[in-house]
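Notebook open, model loaded. I want to look up pockets and helix packing today.

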Amino acid sequence: MASTQPELDERLMRLALEHAETARSNGDVPVGAVVARGEEVLGEAGNARERDRDPTAHAEILALRQASSALHSWHLEGCTLVVTLEPCAMCSGALVLARIDRLVFGAADPKAGFAGSLGDLVRDPRLNHRVEVTSGVLEAECGEVLRAFFAERR
């Protein structure tokens, strides 16, 4: 039996939260991302900036790279990116350039988010592609992972 869209979004967000936990255990900010086409997971990752010593190793970028590799194309039409934290400007730009259809995120990022908080790059009408956005999926769980991480650092 096929899942409803909200059920699928939650299931994929739980997978993204697993990757956020892996990122945390590696000393990185706990953000996880999954790229899926329907129920098929094409890419999944957690932040790896510390591990890889790479400022572009955000969970979203790594998951997009995996999905592009799986599809043998940088065109990711028909795909959804699910991420625990609202994407930054770099990641939002990558979603537009990859032609992702949907973005689903958990916690808003009022300090760096570019899918509605600081700006709305993914839905900017001046660009050649716009991304449908669903926010607040498992928001409390996604936010708590981040709060706990930063509380440990203080």
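What volume does the second largest pocket have? I get about 200 Å³, where a volume is the space filled by probe spheres set on grid points joined across faces, edges and corners. My pocket rule: on a 1 Å grid over the protein atoms alone, a pocket is an open set of points where a 1.4 Å probe fits, with protein on both sides within 12 Å along at least five of seven lines, and lining residues have an atom within 4 Å of a point.

Ground rules before I go on. This is a predicted model, so local features need pLDDT of at least 70 and side-chain atom pairs count only at pLDDT 80 or more, while totals for chains, interfaces and linings use all residues. Residues are numbered from 1 along each chain as its sequence is written, and side-chain values use heavy atoms, with hydrogens and water left out.

**Pockets**

I listed 13 residues lining the second largest pocket, and Val-31, His-58, Leu-85, Cys-88 and Asp-109 lie nearest its centre. By class, that lining has six nonpolar, two polar and five charged residues. (Ala, Val, Leu, Ile, Met, Phe, Trp, Tyr, Cys and Pro count as nonpolar, Asp, Glu, Lys and Arg as charged, and the others, Gly among them, as polar.)

The largest pocket holds about 290 Å³ of space. Among its lining residues I noted Val-29, Leu-85, Asp-109, Lys-111, Arg-147 and Phe-150. Helix 5 gives the largest share of that lining, four residues.

**Helix packing**

Helices here are DSSP runs (H or I, at least four residues), numbered from the N terminus. Axes are lines fitted to C-alpha atoms over the stretch in contact, and angles run from 0 to 180 degrees between N-to-C directions.

I checked helix 1 (residues 5–25) against helix 5 (residues 139–153): about 5°, axes 10 Å apart. That makes the two roughly parallel (angles under 35 degrees). Contact (heavy atoms within 4.5 Å) involves Met-13, Arg-14, Leu-17 and Arg-24 of helix 1, with Glu-141, Cys-142, Val-145, Phe-149 and Glu-152 of helix 5. I sorted these into five nonpolar, no polar and four charged.

Next, helix 3 (residues 59–71) packs on helix 4 (residues 89–97) at about 25°, axes 9 Å apart. Glu-60, Ile-61 and Leu-64 of helix 3 meet Met-90, Cys-91, Ala-94 and Leu-95 of helix 4. This contact has six nonpolar, no polar and one charged residues.

Key:
Parallel < 35°, antiparallel > 145°, perpendicular 65-115°, else oblique.
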